[in-house]
Amino acid sequence: MEKFSAYRDPGTGIQPFLTPVPPKSDSLGTLLLPLRYFVGVIRTAFVLCLLIIYILLVHGLCACFKPLPWLHRPLSQILTCIIGRTALFLLGLYWIPVEYVSRKRRRGEATEWVWKPDAGDVIVSNWVSWLELVWLAVRFNPIFVVPVPGHDAPQAARPPTTKVQKGNTVKHVPETSPNRRIQIIGFRKVSLLSMILMTGHTPSHAKTYASLDDLRRKADRSIVVFPECTTSNGRGLLQFANLFHQDIPVKGYQVFLICVRYESPSTLAPSATHCIPSSIFNPLPHLFKLATALKPLTLHIRVLVSHESPSSPLFLTSEVISGNVDDQLAEASAVLISQLGKLKRTNVGWEDKAAFLEFYHTKSK
């Protein structure tokens with residue numbers, strides 16, 4: 001849309017913040033709308049029932065066993081796996097294939113790779129929707145963390161504007177601003193449900209936080225980090241924030257890289273991406289949209305083999321990074337995830353997303 005063109009990445013021409021839309025609905029799509037809404041209500045009701053069961057069992061029953069970690073951890077993981085996978089199945093994700101990718105694979109080389117994040121290891125992924133959060137919880141039962149920006153975050157999120165006159169009308173249009181990088185000062189742990197509620201939003205300041213190293217040392221499971229700090233529409237990769245401050249190869253823990261991609265929307269299936277959060281009950285409206293789909297949704301998961309990750313002793317920094325960078329691990333992860341998903345890297349970050357959301361909600365009123 002032209003009014004949001006200021007938030008288009010000038011280098012690639014990608015608009016990473018607007019939700020992809022399907023082609024114009026044909027007569028068949030119009031005729032099937034009542035059926036889609038009926039199916040959507042039924043599916044949404046079942047998923048909400050599963051949510052209640054999850055809260056009662058995982059956050060209620062399992063909480064009683066926290067003094068017994070050897071029992072609490074596997075029990076919560078089993079329940080999360082069963083409930084989460086059932087929810088994804090109800091939403092049309094019947095099968096979620098995982099492709100293991102090697103950048104240097106040679107003919108005759110073994111195709112089975114060891115990919116098992118352990119306690120204190122870090123999983124780095126791009127962020128497109130809340131669906132991959134459920135998949136990660138089902139697959140690894142990890143610890144989710146969100147970045148905490150410095151105190152200047154609210155002021156930096158406000159987009160500069162310029163006056164544009166069209167005839168007798170004067171409009172204030174946001175300018176395309178240079179990179180307003182805001183320092184990430186730490187992380188805080190959140191639950192799966194809290195992470196789902198935050199999908200689409202940008203980082204906000206918090207009174208309590210800790211460094212990633214401190215969280216990692218105390219972790220009893222793997223940790224998931226989203227360096228983009230917010231969701232995009234999956235058409236490009238947002239700028240990775242400098243959150244690791246880590247040289248490579250990484251020592252003391254393993255780093256695992258994931259790239260998530262969804263298929264483009266169609267007449268019978270809306271976009272699974274969730275880049276614009278709902279003003280109330282986020283992401284319930286998006287859940288209902290997905291529940292109305294009459295064709296299966298497709299989630300593509302591509303992971304980099306562990307012996308080629310930035311934590312491998314055989315990793316060559318010069319093959320991925322050129323020149324001096326502030327955060328080698330963040331830069332290497334961005335390059336490798338871009339290659340994994342064949343995504344173009346953009347020159348816009350979560351700071352631009354914050355400005356976009358403020359402008360978007362202003363225009364929507």
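Me: What does the chain look like over residues 37-57, in terms of helix and strand?
Reply: Over residues 37-57 the chain is 100% helix and 0% strand, with the end C-alpha atoms 30 Å apart. Bear in mind that this is a predicted model.

Me: Which stretches does UniProt list as "transmembrane region"?
Reply: An unreviewed UniProt entry lists residues 37-57 and 77-96 under that name.

Me: OK, and how much helix is there over residues 77-96?
Reply: That stretch is 70% helix and 0% strand, and its end C-alpha atoms sit 19 Å apart.

Me: Zooming out, how many helices and strands does the chain have?
Reply: Ten helices and nine strands. The chain has 365 residues, and buried ones make up 50% of them.

Me: What about contacts between residues at least 6 apart in sequence: what share join residues at least 24 apart?
Reply: 81% of them do.

Me: Let's go inside. Which residues touch the most other members in the largest nonpolar core?
Reply: W130, L131, L133, W135, F144 and I258 do, out of 47 residues in that core. Elements giving two or more residues to it include α2 (33-61), α3 (69-90), α4 (131-140) and β3 (143-149).

Me: Which element gives the most?
Reply: α4 does, with eight residues. There's also a second, separate core of 39 residues, and L212, V255, L257 and A334 are among its members.

Me: Back to α4. How do α3 and α4 pack?
Reply: Two packed helices get described by the angle between their axes and the distance between those axes. For α3 and α4, the angle is about 145° and the axes are 8 Å apart. Their crossing is left-handed.

Me: Which residues meet there?
Reply: On the α3 side you've got Q77, T80, C81, G84, R85 and L88. On the α4 side, L131, V134, W135, A137, V138, R139 and F140.

Me: Switching to V146: where is it?
Reply: V146 is found in strand β3.

Me: Why does V146 count as buried?
Reply: Because its relative accessible area is 8%, and buried means under 20%.

Me: What does V146 touch, leaving out residues up to four places away in sequence?
Reply: G186, F187, R188, V190, M195 and M198.

Me: And how far is V146 from P203?
Reply: They're 57 residues apart in sequence, but 7.3 Å apart in space, going C-alpha to C-alpha.

Me: Last one: what's the accessible surface of the chain?
Reply: About 18600 Å², and 58% of that belongs to carbon and sulfur atoms.

Conventions:
Residues are numbered from 1 along each chain as its sequence is written. This is a predicted model: local features need pLDDT of at least 70, side-chain atom pairs count only at pLDDT 80 or more; totals for chains, interfaces and linings use all residues. Side-chain values use heavy atoms; hydrogens and water are left out. A nonpolar core is a set of buried Ala, Val, Leu, Ile, Met, Phe, Trp, Tyr and Cys residues joined through side-chain atoms within 4.5 Å. Buried means under 20% relative accessible area, exposed over 50%, partly exposed in between (1.4 Å probe, protein chains only). Helices (H or I, at least four residues) and strands (E, at least two) are DSSP runs, numbered from the N terminus. Contact means heavy atoms within 4.5 Å. Accessible areas come from the Shrake-Rupley method with a 1.4 Å probe; for residues, only the protein chains shown count as cover. UniProt positions are given in the numbering used here, feature names are shortened, and annotations may be inferred rather than shown by experiment. Axes are lines fitted to C-alpha atoms, for helices over the stretch in contact, and angles run from 0 to 180 degrees between N-to-C directions. A crossing is left-handed if the near helix is turned anticlockwise from the far one by less than a right angle, and right-handed if clockwise.
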